[in-house]
Amino acid sequence: MANLIRADLFGAVLSKANLSGANLGGANLGGADLGGAVLSGAKNLTWEQVSVAIIDDETRLPTEIEENNKDELKAMREKTVAVDSTEGP
């Protein structure tokens with residue numbers, strides 16, 4: 001299990017990373033690319049951290065965060081899809 005407590009992951013590319021079981025307490029995820037990442041078993045991950053990261057439809061979050069923030073997550077995922085569709089090949 002990775003210990004990422006208070007890690008500064010600002011802008012990090014963590015797409016498709018398996019962070020299940022990682023302790024993310026207090027980690028800075030601002031602008032971090034979590035597209036396709038598995039965070040479903042992450043420890044101490046909060047909505048505040050997720051809300052400033054970049055996620056997509058493949059990002060797997062803890063059940064509590066998914067259930068308590070459905071509308072916000074939907075908007076975040078739609079924004080990612082819109083950005084992806086404007087980028088060229």
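**A look at the core**

A: From the N terminus on, the elements run α-α-α, with 3 helices and 0 strands in the protein; helices here are DSSP runs of H or I with at least four residues, and strands are runs of E with at least two, numbered from the N terminus. The radius of gyration is 12 Å, close to the 12 Å of the globule rule for 89 residues, so the protein is as compact as a globular protein of that length. That radius is over C-alpha atoms, and the rule is 2.2 Å times the number of residues to the power 0.38.

A quick note on the source: this is a predicted model, where local features need pLDDT of at least 70, side-chain atom pairs count only at pLDDT 80 or more, and totals for chains, interfaces and linings use all residues. Residues are numbered from 1 along each chain as its sequence is written, and side-chain values use heavy atoms, leaving out hydrogens and water.

Now the core. Buried residues (under 20% relative accessible area, 1.4 Å probe, protein chains only) make up 39% of the 89 residues. The largest nonpolar core has 22 residues, and Leu24, Leu34, Leu39, Leu45 and Leu61 have the most contacts inside it. Such a core is a set of buried Ala, Val, Leu, Ile, Met, Phe, Trp, Tyr and Cys residues joined through side-chain atoms within 4.5 Å.

Zoom in on Leu24: setting aside neighbours within four places in sequence, Leu24 is in contact with Leu4, Leu9, Leu39, Ala42, Lys43, Asn44, Leu45 and Gln49, contact being heavy atoms within 4.5 Å. Leu39 and Leu45 are also on the list of residues with the most contacts inside the core.

Key. Buried < 20%, exposed > 50% of the residue type's maximum accessible area, 1.4 Å probe, protein only.
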